Amino acid sequence: MTERARFSRRELKFYKSGPTDDGSWRLVIMDFYAQLFSIEEPDIMKKSNTGWRESKKPGIKFAFFKNLKQTEIDRIESFVKNYSDWIILDVNEHIKDEFDKELDFCLALGWPAVTPEELGKKNRSKIGELVNLAKYKRQINKADELAVILGSALNRIIRGKIDGRFSISFVPTDNYEDFYLPKYLAEKLAALKTITHNLDDTNSFIEARIQTKLNKLKNISIKAKLHICKELYTPDNVSLATPVSNRNIVVIDDLYQSGTTLWSYARYLKNMGAAKVLGLVCEKNFRDSDNL
C-alpha cells in the first residue's frame, strides 16, 4: 500500500522485539513509531551503534541495542505495549480544509471496543467501559481511574513533545453545574503528584468556559458544526481563567469523533498566543464524521 504524507490515524499494528543470538536486543517497528521511540527513549537509542535502519519492507525500520539492562528492556516492551493500544490522531478528510497545525500532537488511549459490532453488543474495551461508567453512570472512582491512565500516558509523551513548562485545560462547555467529565479529568490530572515532567507549578490547570448558550451539536451536519465552532471559539465567546500567551497547553477530552471541537479549541488557544497545544483524549470513536 502506498503511504501518504499524512494519516488521520496512526496505530502500531506491526512490530517485532526480542533478543538475538549474539545477545543484543532487536526492535522492528513502523518508521513513525521509530521516530517517537527516539524522542521518548534517547538514552536507549545511545546503545544502538547503527541507529534505525531501513527494512526491506516499506515504512519499516529496525535497530539493534547492546548491553541493555532489564529495566531498559522493560521500557522497550512498555513502549510497544502502550502504543499498541493508543491511537495517534491527525486531521481527517472531513475537516482537513479547516485545520492544519492547530494541534501539535493528539493521542487517544484507545477504541471504545475491539470492533463496532462488539460496541453494539456493549462489549466495551477497558477504556470504553471506564468512559461509559464515568460519563453516563457518574461513577467518580472510574473517572479517577481514567485520570491515572491519562497521567501515565501524559508522562510518556510530554518529554518528546514539549520543551519547558505546560498547563492542562479541557474542551470547554457553557454549563458546569452538572458533572462534566473533561473538566473533572483535567482538574484531576493537574493535581496528580505522578505528573513529573514540567507541569507548571503556579498555573497547572487552566479553566475555560463558553459564555454563549451552547446548542446541542450532536445532530447537525459536520459542515454546520464546523461553522458553529468557528463562530463559537472566539475571544468574545470563550473566557479563560488564566492567560495562555507563550504557554504550552495539553487539552483533555473524553471522546474524539471528527475532532471538530478539539481542533477548534486548539485554534482558539493558538490565536490567544499559546506556544504549543497537545490533545489527549480517552477514546476515539470508530467514525471520523459527525452526521455527514
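In this predicted model, the side chain of Asn237 makes a polar contact with the side chain of Thr212, at 2.6 Å. Asn237 lies in the loop between helix H8 and strand E10 (238-240). With a relative accessibility of 17%, Asn237 counts as buried, because the cut-off for that label is under 20%. Leaving aside residues up to four places away in sequence, Asn237 touches Arg209, Ile210, Gln211, Thr212, Glu231 and Leu232.

Helix H8 itself covers residues 222-232 and holds His227. Here the label is exposed: His227 has a relative accessible area of 52%, and the cut-off for exposed is over 50%. The chain also brings His227 together with a residue from another part of the sequence. His227 and Glu98 are separated by 129 residues in sequence, yet their C-alpha atoms are 9.8 Å apart in space.

Most residues other than glycine have a negative phi. Asn67, although not a glycine, has a positive phi near 55°. The loop that contains Asn67 runs between strand E5 (60-65) and helix H3. Asn67 is exposed, with a relative accessible area of 67%. Asn246 is also a residue other than glycine with a positive phi, in this case about 65°. Asn246 sits in the loop between E10 and E11, and at 66% relative accessibility it counts as exposed.

The helices come next. Two packed helices are described by the angle between their axes and the distance between the axes. Helix H1 (residues 31-40) and helix H3 (residues 70-85) cross at roughly 130°, and their axes come within 12 Å. This angle makes H1 oblique to H3. The crossing of H1 and H3 is right-handed. On the H1 side, the contact is formed by Tyr33, Leu36, Phe37 and Glu40, while H3 contributes Ile76, Phe79 and Tyr83. Sorted by class, the residues joining H1 and H3 comprise six nonpolar, no polar and one charged.

A second pair is formed by helix H5 (residues 126-135) and helix H6 (residues 140-161), which pack at about 135° with their axes 8 Å apart. H5 is therefore oblique to H6. The crossing of H5 and H6 is left-handed. H5 supplies Lys126, Ile127, Leu130, Val131, Leu133 and Ala134 to the contact, and H6 supplies Lys142, Ala143, Glu145, Leu146 and Ile149. The classes represented where H5 meets H6 are eight nonpolar, no polar and three charged residues.

Helix H7 (residues 181-191) is largely enclosed by the rest of the structure, because eight of its eleven residues are buried. These buried residues are Leu181, Pro182, Lys183, Tyr184, Leu185, Ala186, Leu189 and Ala190. The elements that cover them include the helices H5 and H6 as well as strand E8 (166-170), strand E11 (248-256) and strand E12 (276-284).

Methods. Residues numbered from 1 in each chain as written. Predicted model: local features only at pLDDT ≥ 70, side-chain atom pairs only at ≥ 80, totals over all residues. Heavy atoms only, no water. Axes fitted to C-alpha atoms, helices over the stretch in contact; angles between N-to-C directions. Helix = DSSP H or I, 4+ residues; strand = E, 2+ residues; numbered from the N terminus. Parallel < 35°, antiparallel > 145°, perpendicular 65-115°, else oblique. Left-handed = near helix turned anticlockwise from the far one by under 90°. Contact = heavy atoms within 4.5 Å. Nonpolar A, V, L, I, M, F, W, Y, C, P; charged D, E, K, R; others polar. Buried < 20%, exposed > 50% of the residue type's maximum accessible area, 1.4 Å probe, protein only. Polar contact = N/O pair within 3.5 Å; in protein donor to acceptor, adjacent residues only side chain to side chain.
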